Amino acid sequence: MSKTVDYDYLKSELFNLINSVRENPSSFIPVLKTQQEYVNEENIIYRPGQVPIQLNESKENLFSEAINYLSNLKELPPFEYNKNLEKAADDLVKDSGPKGLISHQDSRGYFCSDRVENYCEWEESLNELLNYAGGNAEDILTDLIIDDGLEDRSHRLSLFGDKYRFIGLSCGPHKDYDNMSVLILAGKLRDKGSLYFNKKNLKYNPKNEGNVERKKNIKNDYQINDPDAPDNTIGLRIVKTQKELNGKKIMVTKKFYTLNDGTEHVVELEEF
């Protein structure tokens, strides 16, 4: 099956379809109704020419909820395509596909943020969506929208929210599921090795705001000693690295916050 798939075309088809549905959410409802007909009484989805997939939830619940979601979703701006995110996605496809892995972690132990940072710097938010078996764009997007087995529907919310501006995709063969697709979403991006904070562009000096005490409503334990932690933080990873600016090395501390919707939020601190 995977031998007949044109993965470059699939990647382009999927990107265009996602943006089309973001701009006109209800346009995908007929596709969902057709896809629902592929699910049998045992809750297994039999798509023509695809590996059968056992669903965790009832088809009535999954598809009716998804259709209702798209019916009430307002128009969203299209994603901007980014080649650096595509390269990071492609790294996972080439590593995981031949080995039959089904994880955000590759065989070397690297995660999405590690792969992205081989090509560029990211800010605010980053997320990686995985799909297995889907051999065409409608199948893949259906899986991501119904979000079977995920109570918070994080894939759906990521694709149809305003948290991300950029997207990069890669599709390729998978040892056990015939096909796999990797979608990486990012809030903001900048060139690899560039600084998060540039003193030349400084327009706001926190020293000038006086001795005004700012109180924050503590929503989680991470915020007790860390004012940068978002309200929905459930995990924190700190990485210290060095960067070079005009021949001078500076220390950079990156704080990667894992959020309860499955995404990451990053804060970068640079010591000049």
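H155 is buried, with a relative accessible area of 17%. Buried here means under 20% relative accessible area, while exposed means over 50% and partly exposed lies in between, using a 1.4 Å probe and protein chains only. H155 sits in helix α7. Helices (H or I, at least four residues) and strands (E, at least two) are DSSP runs, numbered from the N terminus. If we leave aside neighbours within four places in sequence, H155 is in contact with L129, L144, D147 and L150. Contact means heavy atoms within 4.5 Å.

A word on the model. This is a predicted model, in which local features need pLDDT of at least 70 and side-chain atom pairs count only at pLDDT 80 or more, while totals for chains, interfaces and linings use all residues. Residues are numbered from 1 along each chain as its sequence is written, and side-chain values use heavy atoms, with hydrogens and water left out.

One of those contacts of H155 is D147, so let us go there next. D147 lies in the loop between α6 and α7, the latter being residues 154-159. Its relative accessibility is 2%, so D147 counts as buried. D147 also has a positive phi of about 55 degrees, although it is not a glycine. Most residues other than glycine have a negative phi. A second case is N43, with phi near 65 degrees. N43 is found in the loop between α2 and β1, where β1 is residues 44-45. N43 is buried too, at a relative accessible area of 13%.

Now α6 itself. How many of the ten residues of α6 are buried? Eight are, so the helix is largely enclosed by the rest of the structure. The buried ones are A137, D139, I140, L141, T142, L144, I145 and I146. They pack against α1, α2, α3 (59-72), β4, α7 and β6.

Take α2 from that list. The axes of α2 (residues 29-36) and α6 (residues 137-146) come within 10 Å and cross at roughly 90 degrees. Axes are lines fitted to C-alpha atoms, for helices over the stretch in contact, and angles run from 0 to 180 degrees between N-to-C directions. The two helices are therefore roughly perpendicular, a label for 65 to 115 degrees; under 35 counts as roughly parallel, over 145 as roughly antiparallel, and the rest as oblique. On the α2 side the contact is made by V31, L32 and Q35, and on the α6 side by E138, D139, T142, I145 and I146.

Next, the strands. β6 (residues 178-191) has twelve of its 14 residues buried. Strand β4 (residues 120-132) runs antiparallel to β6, and eleven bridges join them. Two strands pair if DSSP finds at least two bridges between them. In this pairing C120 stands opposite D191. β5 (residues 166-174) also pairs with β6 in the antiparallel sense, over nine bridges, and here F166 stands opposite A186. β5 and β6 form a hairpin with three residues between them.

Last, helix α4. Its 17 residues, 83-99, should span 24 Å at 1.5 Å a residue, and its end C-alpha atoms are 25 Å apart, which agrees. The expected span is 1.5 Å times one less than the number of residues. Among the buried residues of α4 are L85, A88, L92 and V93. The buried residues of α4 pack against α1 (7-23), β3 (80-81), α5 (112-116), β4, β5 and β6.
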